[in-house]
Structures are given as C-alpha cells and as structure tokens.
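Here are my notes for your next look at this model. Please keep the structure open as you go through the points.

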Amino acid sequence: MAAVDFEKMTEADDRHFAAAFTRALANDQGDEAKRHLAAGRSIYYMDDRYPDAIVKEFPDGRRQLVALQDDREVVLRDL
C-alpha cells in the first residue's frame with residue numbers, strides 16, 4: 001500500500017482507503033508478524049479476551065499482557 005497523506009484526503013479518498021484497509025485486514029495471514037518473530041523481535045496485538053490490555057508475544061513463544069502508561073510499557077501478567 002502506498003504512503004497516504006491523511007491531511008489531504010477527500011471523502012472519496014477516505015472511503016477508498018478504508019475499504020482497501022478493511023480488505024487487507026480480512027486477508028491478513030500474519031506473515032509480517034511471523035517475520036518479526038523469526039527475526040527475534042516481539043509483536044503486539046489485541047485479543048478480545050483481554051479488552052483492557054495488549055498482548056506482547058516474544059520470539060520464544062512467551063506471552064504477556066501489557067499496558068501503555070505515560071509512554072512506557074507496564075507488564076500486567078504473564079499468560
């Protein structure tokens with residue numbers, strides 16, 4: 001997907017972007033997340049089971065619930 005200047009978008013541009021973004025999410029197979037993990041980097045994602053936290057997954061498979069408070073990551077608990 002090309003870079004988008006959100007400040008210059010028209011309503012039609014916004015609708016087109018939203019539709020393309022929704023399609024991309026619906027077809028996502030997690031390939032980029034898998035590449036990050038394989039490269040030794042953690043990934044973050046939302047999980048409906050934990051509506052007030054973010055899941056942090058480490059390359060070794062460990063997972064934690066975290067929250068962002070005052071620009072810092074706070075570990076809530078291990079999963």
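1. A word on the source. This is a predicted model, in which local features need pLDDT of at least 70 and side-chain atom pairs count only at pLDDT 80 or more, while totals for chains, interfaces and linings use all residues. Residues are numbered from 1 along each chain as its sequence is written, and side-chain values use heavy atoms, with hydrogens and water left out.

2. How confident is the prediction? The pLDDT (the predictor's confidence in each residue, from 0 to 100) averages 90 over the protein, and 96% of the residues score at least 70. Among the elements, α1 has the lowest mean, 87, and strand β2 (residues 54–57) the highest, 97. Helices (H or I, at least four residues) and strands (E, at least two) are DSSP runs, numbered from the N terminus.

3. Now the strands, which pair if DSSP finds at least two bridges between them. β1 (residues 43–45) runs antiparallel to β2, joined by 3 bridges, and Y44 stands opposite K56 in β2. β2 also pairs with β3 (residues 63–69) in the antiparallel sense, over 4 bridges; here I54 is opposite V66. β3 in turn pairs with β4 (residues 72–78), again antiparallel, over 6 bridges, and L65 has R77 as its bridge partner in β4.

4. Do look at the two turns. The hairpin of β2 and β3 has 5 residues between the strands, and G61 there takes a positive phi near 100°. In the hairpin of β3 and β4, with 2 residues between the strands, D70 has a positive phi near 50°.

5. Is β2 covered on one face or on both? Both faces are covered: I54 and K56 on one side, and V55 and E57 on the other, are all buried. Buried means under 20% relative accessible area, exposed over 50%, and partly exposed in between (1.4 Å probe, protein chains only).

6. The salt bridges number 4. One of them links R35 and E32, with the closest N and O atoms 2.7 Å apart; both residues lie in helix α2 (residues 31–38), 3 residues apart, about one turn of the helix. R35 is partly exposed at 49% relative accessibility, and E32 is partly exposed at 42%. R49 forms another with D47, at 2.6 Å between the closest N and O atoms. In that pair R49 is exposed, at 58%, whereas D47 is buried, at 14%.

7. Finally, the aromatic rings. Rings of Phe, Tyr and Trp (its six-membered ring) pair if their centres lie within 6.5 Å; planes under 30 degrees apart count as stacked, over 60 as edge-to-face and the rest as tilted. The count comes to 1 aromatic pair. F17 and F21 form this stacked pair, 5.9 Å centre to centre with 15° between the planes. Both lie in helix α1 (residues 11–26), 4 residues apart, about one turn of the helix.

Key. A salt bridge is a side-chain nitrogen of Lys or Arg within 4 Å of a carboxyl oxygen of Asp or Glu.
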